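These are my notebook entries on one structure.

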Amino acid sequence: AIARGEVKASDPLSTHLPELAGAPAGEATLEEVASHRSGIPGVPSQDLSMFVLRSDILGLNPFTDSTDQLIEKTRTTEMGKRGEFAYSNLGISLLGGALRRAAPRR
């Protein structure tokens with residue numbers, strides 16, 4: 001997407017997910033999100049056991065939230081410290097949504 005000129009690594013998430021404008025996560029750059037240094041948390045720990053159980057035992061895809069649902073979770077989730085590595089499923093899912101929105105329709 002960068003090579004095609006659709007996005008810049010320095011773009012804030014809110015450039016491509018305007019629903020995050022004004023939220024701390026919206027200020028994180030695509031580069032920070034891609035490198036897990038955005039401060040966007042991963043799956044909350046209380047949800048982790050059900051997350052793993054559902055996917056492992058039932059053989060279902062645990063990543064079923066829509067981009068709108070991911071954005072809502074992000075707006076109401078406490079952020080970690082930007083610049084420090086912390087793996088984030090939520091962040092990578094948001095990055096995918098941002099890249100999808102930035103891609104030209106074909």
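This is a predicted model: local features need pLDDT of at least 70, side-chain atom pairs count only at pLDDT 80 or more; totals for chains, interfaces and linings use all residues.

Residues are numbered from 1 along each chain as its sequence is written, and side-chain values use heavy atoms, with hydrogens and water left out.

Entry on His 36. I found His 36 in the loop between α3 (30-34) and α4 (45-58); helices are DSSP runs of H or I with at least four residues, numbered from the N terminus. His 36 counts as buried because its relative accessibility is 12%. Its phi is positive, about 60 degrees, although His 36 is not a glycine.

Entry on α5. In helix α5 (residues 67-75), I listed Thr 67, Leu 70, Ile 71 and Thr 74 as the buried residues. Seen down the axis of α5, they fall within an arc of 100 degrees, so they line one face of the helix; the arc is that of the directions from the helix axis to the C-beta atoms. Their cover includes α2 (24-27) and α6 (89-102).

Entry on Leu 30. I looked up its contacts (heavy atoms within 4.5 Å). Leaving aside neighbours within four places in sequence, Leu 30 touches several residues, including Val 7, Leu 13, His 16 and Leu 95.

Key
Buried means under 20% relative accessible area, exposed over 50%, partly exposed in between (1.4 Å probe, protein chains only). Helices (H or I, at least four residues) and strands (E, at least two) are DSSP runs, numbered from the N terminus.
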